[in-house]
Amino acid sequence: MAMDVIDYMIVGSEMQFVEVELDPGEAAIGEAGAMMYMQDGIQMDTVFGDGSQQASGLMGKLLGAGKRLLTGESLFTTVFHNEGQGKRRVAFAAPYPGKIIPVDLGQIGGTLICQKDSFLCAAKGVSLGIAFQKKLGAGLFGGEGFIMQRLEGDGLAFVHAGGTLQEQVLAPGETLRVDTGCVVAFQPSVDFDIQFVGKIKSAIFGGEGLFFATLRGPGKIWLQSLPLSRLANRIIMSAPAAGGRSADQGSLLGAGILGGILGSDD
Amino acid sequence: MHGSQFQGRLFGPGLPGTGIVARGHWDALGRLRVTPDGVGLHELSTDRPEIAASGFNNACLRLSWQQPEGAYALLIDSVDDRSRCAATAPEHCNRQLAAAVRQPDTLERRFRLGWGLLALLLLVPLLGLALFLLNADRLADWVVDKIPVAQEARLGELVLAQTRLQMKLIDSGPAVEALAAIGGKLTAGSAHRYRWFVAERPEVNAFAAPGGVVVVFSGLLTSAATPEELAGVLAHEVAHAELRHSLRGMVKGLGLRALVALVMGDISDNVLTGAATRLTELRFSRDAEREADANGLQRLVAARISPHGMLRFYERLTAEQRPSPPALLSTHPASGERLNWLRREVAALKGPWQPLPVDLARATAALR
């Protein structure tokens, strides 16, 4: 199937959005609710399932929708189709601070395994599926759960995750130990597993948890510096309304000076 | 030669990090030859590649080898290409290949086993609940058997205190004495110390709390025509108390609540617990009613009181056309089947019966 070739521009630094340029007749699919703006001439059409197959029958559609439900995406995908004469632009915004990365699926062999909920938008023709993590250890302690997302096709796909995203290339046999939860995406040639931190002392006091996620090459991987859950945890910890500690905002004696002196420094 | 070629992705020094498409085949000498797709790339070959399952979910077959400039790996992910590679591989690779091909299956099996165990773990409490519900009667009987009479009496005391809050109870006077006179005959030899109360309520109703507390509503007393009719109702209530029906209901309700809490977590104020409890508590089952009827009838016979009174009273209550059925019937549903059974039983019983030395009219005069 011929994928639509789309031009794009990623705008912003920490809270980004991606602007996609569609030629007449081209289309892009977006995660429902991710659209930020679109120009005249772009038709928005909401389809049940992932919009990659045109005529797959009711069962196929239901199955696709079920998969999306499992990976944390919404049941419907929105297709943005350029019905106009010239090039038209549509933009998709990331839902929380982080980075958007473009992945050319054709270049990496057609398949990308990524964190569930990380899909933002793609050229029409890219199919979204689930990739079950079948290694029990990696599923339980790898930080990404048992359900990951599989993007298939040969067009461009945009993936979003919290913090700063970095891509790395692993040579054959090269292994990288990664904090659990920081793996965003990888090529299917990469071996995703877990490894015990090594010592009981570091497991308890090291602060990294019991396991590292390990990624073994060859292939390309994408890592994130700050998973959303970690950010949310920190925000709640310091939010007074949620039972957290408010620094420098209480009364003079209570939370203000004494709290500041006695409390820790984060 | 073309039919034995297999396609994969080649990774190695100087190649793009994401790998490039490459074709491999085993030559006549058993060497692996790999031709990368693309201009300016030359063929690579190796004697003994290391073969292993690799990649996400071990779904790829990895052929890797070392060259002076670094490590190379060919990853084959399509099923067809993997089987072509395995079919034409030289003999010395077969053992490694077989192990690598088995790997994804092993993983799949373990995955299923793991989830199966997890599902089982989640199902065990539900199974326990189902087992409990199936055996609730037997379990309740067992527990009730362990409860001593003294404990039951204390429970009755609690129920009595609760009842006093809801309605006015009379514990002396001619009506109570009449109840005690009839009841004394019915409860001869009982382990419980029976106490009789009249509640000032117009409904035709009566109930027995655990430990020998029997409360008769004044509406019932005034609607009974003869002492034998009253004795019939009392015999039924005494039978409930002697057979510990209300105690069994409580035990069942408590057990169910405890188990529901165990399975679903602490949902003490939830709709579910309330519904489950209402279903089991206080309302006797049809079986319990039938049992109480039979036992009550035996008690009447043992006391030589005419059972025709019991039958007549039920018949009259059922026949009377009222806008709403009397309370006694709504809690003790007098279905046609039950009445027919009672008729048959009573017809089979032979006297002589001793008349009850109770002046019902005088006893209930104060209540009218």
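Let's start with confidence. Chain A has a mean pLDDT of 84, and 85% of its residues reach 70 or more. Among the elements of chain A, strand β16 (residues 183-186) has the highest mean pLDDT, at 96. Helix α5 of chain A (residues 252-262) has the lowest, at 48.

Where pLDDT is low, the predicted coordinates should not be read in detail.

## Chain B at a glance

Chain B holds 14 helices and 11 strands. Of the 368 residues in chain B, 34% are buried. If you look at contacts in chain B between residues at least 6 apart in sequence, 62% of them join residues at least 24 apart.

## Where the chains meet

The contact between the chains draws 21 residues from chain A and 24 residues from chain B. On the chain B side, β1 (6-11), β6 (60-67), β7 (70-76) and α2 (94-134) each supply at least two residues. Sorted by class, this side of chain B has 10 nonpolar, 10 polar and four charged residues.

## The nonpolar cores

In soluble globular proteins, nonpolar side chains tend to be buried together. Here the largest nonpolar core has 81 residues. The members that touch the most other members are Ala28(A), Leu120(A), Cys121(A), Ala122(A), Ala157(A) and Val159(A).

Ala122(A) is a handy one to click on. Leaving out residues up to four places away in sequence, Ala122(A) touches Ala28(A), Ile29(A), Leu151(A), Gly155(A), Leu156(A), Ala157(A) and Phe158(A).

## A four-stranded sheet in chain A

Strands of a sheet pair through backbone hydrogen bonds, either parallel or antiparallel. One open sheet in chain A has four strands in the order β1-β2-β7-β4, with antiparallel pairing. At its edges stand β1 (7-11) and β4 (35-38) of chain A; each has a single partner strand, so one side of each is left without a neighbour in the sheet. Ignoring direction, neighbouring strands of this sheet are turned by 20° against each other on average.

Within this sheet, strands β2 (residues 17-22) and β7 (residues 88-93) of chain A run antiparallel and are joined by six bridges. To find your way along the pair, look for Phe17(A), which stands opposite Ala93(A) in β7(A).

## A three-stranded sheet in chain A

Another open sheet has three strands in the order β15-β18-β17 of chain A, again with antiparallel pairing. Its edge strands are β15 (175-179) and β17 (191-196) of chain A, and each has a single partner strand, so one side of each lacks a neighbour in the sheet. From one strand to the next, the twist averages 35°.

## Backbone details worth a look

The peptide bond from Gly217(A) to Pro218(A) is cis, with omega near 10°. Pro218(A) sits in the loop between β18 (211-216) and β19 (219-224) of chain A.

Two residues other than glycine have a positive phi: Asp117(A), near 75°, and Asn58(B), near 55°. Asp117(A) lies in the loop between β9 (111-114) and β10 (119-123) of chain A, while Asn58(B) lies in the loop between β5 (50-54) and β6 of chain B. Are they buried or exposed? Asp117(A) is partly exposed, because 15 other C-beta atoms lie within 10 Å. Asn58(B) counts as buried, because it has 22 C-beta neighbours inside 10 Å.

## Gly183 in chain B

Gly183(B) belongs to helix α5 (residues 174-186) of chain B. With 25 C-beta neighbours inside 10 Å, Gly183(B) counts as buried. Not counting residues up to four places away in sequence, Gly183(B) touches Tyr194(B), Trp196(B), Val214(B), Leu234(B) and Val238(B). Gly183(B) and Ala235(B) are 52 residues apart in sequence, yet 7.6 Å apart in space from C-alpha to C-alpha.

Methods
Residues numbered from 1 in each chain as written. Chains lettered and ligands numbered in written order. Predicted model: local features only at pLDDT ≥ 70, side-chain atom pairs only at ≥ 80, totals over all residues. Contact = placed C-beta atoms within 7 Å. Nonpolar A, V, L, I, M, F, W, Y, C, P; charged D, E, K, R; others polar. Core = buried A, V, L, I, M, F, W, Y, C linked by C-beta atoms within 7 Å. Buried ≥ 20, exposed ≤ 12 C-beta atoms within 10 Å, placed from the backbone. Pairing = 2+ DSSP bridges. Axes fitted to C-alpha atoms, helices over the stretch in contact; angles between N-to-C directions. pLDDT = per-residue confidence, 0-100.
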